[in-house]
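Please view the sequence and the structure together.

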Amino acid sequence: MTELLLLIAGLLGGAVNSLAGGGSFIVFPALLAVGVPPVIANASNTYAALPGYVSGAAGYWSGIWANKDRLVVYSIVALIFGYVGAELLLVVSDAQFSVIVPWLMLFAVVLFAFGNQINAWMAQRGGGRRGMKALGTMLLLAFLALVCIYGGFFNAGLGILTLAFLATAGMSDIHAMNGLKMWIAAVVAIVAVARFALSGSIDWYHGSIAMVGVTVGSYVAARNAHRFPREAIRAGVIVYGIGMTGYFFWKAYA
């Protein structure tokens, strides 16, 4: 039953990631439900999500390469601060993380629910190259650093935060933005998983079952995306995310 639950959670999480985003809302709680300790469950969730980020970046490669002038700097920031986020997770105890999780889930659900509005607002503030000059390159990179720290520490909501950063940086081509989003997420996940692996903080058995499900679910959903009502799925993910957030608050503070 444990293996079946994780496989189904992975399939659903991967499908949701392809269709609307928010798959971590399914996979992370499933890992907790089968008895994986909170910190290790979080690290294992990042591990399970990694193949989806890599394959997504490969699929958007033309859009990524069209912005190769940004690629090196963004990659360096993602490597350094993704590692910082992973290191922060490893100094938090399971008890401390259990108290933090409801707030992280709430933040991620709000980001997911209002992501389009946040990105539109950020795009208005970005204003292309003029926006970059107004905000300052260092301020933009500091924003990206915070996004990558968050991603290394807690994976859910990373995509929306990254899109918000790219909009602030003056980008408007959604395909290029999605490509760079996947690239940055992949770099953050790779360095985080490497750090978690070195510290023995990944449940390879349970995480790998979830990863197989995520990979298969992502592929199947992507191939059949036209068959699914995306907005209905998105609404369902928001409702589910709110429910899980409420549960985590009850469990942590009741």
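Axes here are lines fitted to C-alpha atoms, for helices over the stretch in contact, and angles run from 0 to 180 degrees between N-to-C directions. The model is predicted.

**Helix packing**

Take helix α3 (residues 38-59) and helix α12 (residues 204-223). Their axes lie 8 Å apart, and the packing angle is about 35 degrees. The crossing of α3 and α12 is right-handed. From α3, the contact uses Ser44, Tyr47, Ala48 and Pro51. From α12, Trp204, Gly207, Ser208, Ala210, Met211, Val214 and Thr215 take part. The contact of α3 with α12 counts 7 nonpolar and 4 polar residues, with no charged ones.

A second pair is helix α9 (residues 137-153) with α10. Their axes come within 10 Å and cross at roughly 175 degrees. Angles over 145 degrees count as roughly antiparallel, and α9 and α10 are therefore roughly antiparallel to each other. On the α9 side, the contact is made by Leu140, Phe143, Leu144, Val147, Tyr150 and Gly151. On the α10 side, Leu158, Leu161, Thr162, Ala164, Phe165 and Thr168 contribute. By class, the contact of α9 with α10 has 9 nonpolar and 3 polar residues, and no charged residues.

**The setting of α10**

How many of the 11 residues of α10 are buried? The count is 10, so α10 is largely enclosed by the rest of the structure. The buried residues of α10 include Leu158, Ile160, Leu163, Leu166 and Ala167. Thr162, Phe165 and Thr168 are also among the buried residues of α10. Glycine 170 follows α10 and has a positive phi, near 100 degrees.

**Aromatic pairs**

The structure holds 16 aromatic pairs. Two of them are set out below.

| Ring pair | Centre distance | Plane angle | Geometry |
|---|---|---|---|
| tyrosine 74 and phenylalanine 165 | 5.3 Å | 70 degrees | edge-to-face |
| tryptophan 103 and phenylalanine 249 | 4.9 Å | 85 degrees | edge-to-face |

Why are these pairs edge-to-face? Planes over 60 degrees apart count as edge-to-face. The planes of tyrosine 74 and phenylalanine 165 stand at 70 degrees, so that pair is edge-to-face. The planes of tryptophan 103 and phenylalanine 249 stand at 85 degrees, so that pair is edge-to-face.

The pair of tyrosine 74 and phenylalanine 165 links distant parts of the chain. Tyrosine 74 sits in helix α5 (residues 68-90), and phenylalanine 165 sits in helix α10 (residues 158-168), 91 residues apart. Tyrosine 74 is buried, at a relative accessible area of 7%. Phenylalanine 165 is also buried, at 1% relative accessibility.

The pair of tryptophan 103 and phenylalanine 249 links distant parts of the chain as well. Tryptophan 103 belongs to helix α6 (residues 94-113), and phenylalanine 249 belongs to helix α13 (residues 230-253), 146 residues apart. Tryptophan 103 is partly exposed, with a relative accessible area of 48%. Phenylalanine 249 counts as partly exposed too, at 21% relative accessibility.

One aromatic cluster is formed by Phe28, Phe97, Phe107, Tyr150, Phe153, Phe154, Tyr247, Phe248 and Trp250. Of these, Tyr150 also takes part in the contact of α9 with α10.

**Threonine 245**

Helix α13 also holds threonine 245. Is threonine 245 buried or exposed? Threonine 245 counts as buried, at 5% relative accessibility. Leaving out residues up to four places away in sequence, threonine 245 touches Pro102, Met105, Leu106 and Val109.

Technical notes. Residues numbered from 1 in each chain as written. Predicted model: local features only at pLDDT ≥ 70, side-chain atom pairs only at ≥ 80, totals over all residues. Heavy atoms only, no water. Phe/Tyr/Trp six-rings, centres within 6.5 Å; stacked < 30°, edge-to-face > 60°. Helix = DSSP H or I, 4+ residues; strand = E, 2+ residues; numbered from the N terminus. Buried < 20%, exposed > 50% of the residue type's maximum accessible area, 1.4 Å probe, protein only. Parallel < 35°, antiparallel > 145°, perpendicular 65-115°, else oblique. Contact = heavy atoms within 4.5 Å. Nonpolar A, V, L, I, M, F, W, Y, C, P; charged D, E, K, R; others polar. Left-handed = near helix turned anticlockwise from the far one by under 90°.
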